[in-house]
Amino acid sequence: MSEVVLAGMWGLVAGSALLLGAVVGYGVRVPQWLVASVMAFGAGVLISAVSFELVGEAYEQAGLGPAVAGTIGGAVAFTAGNAWLAYRGARNRKRSGHVRSQPSESEQEGSGLALALGALLDGVPESAVIGVSLLDGGAVSLVTVVAVFISNVPEGLSSSAGMRAAGRGRGYVFGVWGAIAAASTAAAVLGYAVVGGFPDAVVAGVTAVAAGAILAMIADTMIPEAFERAHLAIGLILVSGFLVSFALSHA
């Protein structure tokens, strides 16, 4: 099997978790404390993967400068895109509760498209680094795939529950997450095919950019949802997710 096909396959595996979470979140009324707990665990998993698999890899490939510059650049790019989408109704796209919930289309015209673009903004950097990870010896970073998959389930779950609460139909919700799963596949393929011909310093920079975007996404969308319905164990759950990913990266 060619490595381009492998990149697409692993991107689809990770992206399909969004659709899985959406099915559960839309069809089942999951308790808010459980949504918060799963989101906190997913945030911990991603923080660890970003630290040890992405920023660490970028540093080893090209040194401190490209790793820092890329990470800052990714965070700035995500924040700018997120601010633009927030103004158009996608600020609370991962929120599932009734407090500060997503607006309906009647409340803010164009918010449905903004929500879809926001989901794309969140998902593409994660999938792109899956494809990039294949460049290192031809084997995908299993830790990255597992981290993205685990974090995508609560993302899809929480966001689809919020979409349902805002009055959006089943076709819209599953259409959005199905499209994002397909985009995740394409992003993984492009991450491998496009970045593959570049020097190591550029690959490191791209990896760091994705890391910065993911870190900004965690802080801006995942952690607020986790702590909105906070209970005393939320911090412990986040640390548990971090340690699970850390253990996988050092297994």
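This is a predicted model: local features need pLDDT of at least 70, side-chain atom pairs count only at pLDDT 80 or more; totals for chains, interfaces and linings use all residues.

Mentor: Residues are numbered from 1 along each chain as its sequence is written, and side-chain values use heavy atoms, with hydrogens and water left out.

Trainee: How are the rings of Tyr 26 and Phe 174 arranged, stacked or edge-to-face?

Mentor: Rings of Phe, Tyr and Trp (its six-membered ring) pair if their centres lie within 6.5 Å, and planes under 30 degrees apart count as stacked, over 60 as edge-to-face and the rest as tilted. The structure holds 3 aromatic pairs. In this one the centres are 5.6 Å apart and the planes stand at 65 degrees, so the pair of Tyr 26 and Phe 174 is edge-to-face.

Trainee: Which helices does the pair of Tyr 26 and Phe 174 link?

Mentor: Helices (H or I, at least four residues) are DSSP runs, numbered from the N terminus. The two residues are 148 residues apart, so to speak of distant parts of the chain is fitting, and they lie in helix 1 (residues 3-27) and helix 6 (residues 170-195).

Trainee: Is Tyr 26 buried or exposed?

Mentor: Buried means under 20% relative accessible area, exposed over 50%, and partly exposed in between (1.4 Å probe, protein chains only). Phe 174, with 24%, is partly exposed. Tyr 26 has a relative accessible area of 15% and therefore counts as buried.

Trainee: Which element gives the most to the lining of the second largest cavity?

Mentor: On a 1 Å grid over the protein atoms alone, a cavity is a set of points where a 1.4 Å probe fits but cannot get out, and lining residues have an atom within 4 Å of a point. Leu 46, Ala 49, Val 129 and Thr 144 are among the residues that line this cavity. Two or more residues come from each of helix 2 and helix 5 (142-165), and the element that gives the most, with 4 residues, is helix 2.

Notes:
On a 1 Å grid over the protein atoms alone, a cavity is a set of points where a 1.4 Å probe fits but cannot get out, and a pocket is an open set with protein on both sides within 12 Å along at least five of seven lines; lining residues have an atom within 4 Å of a point.
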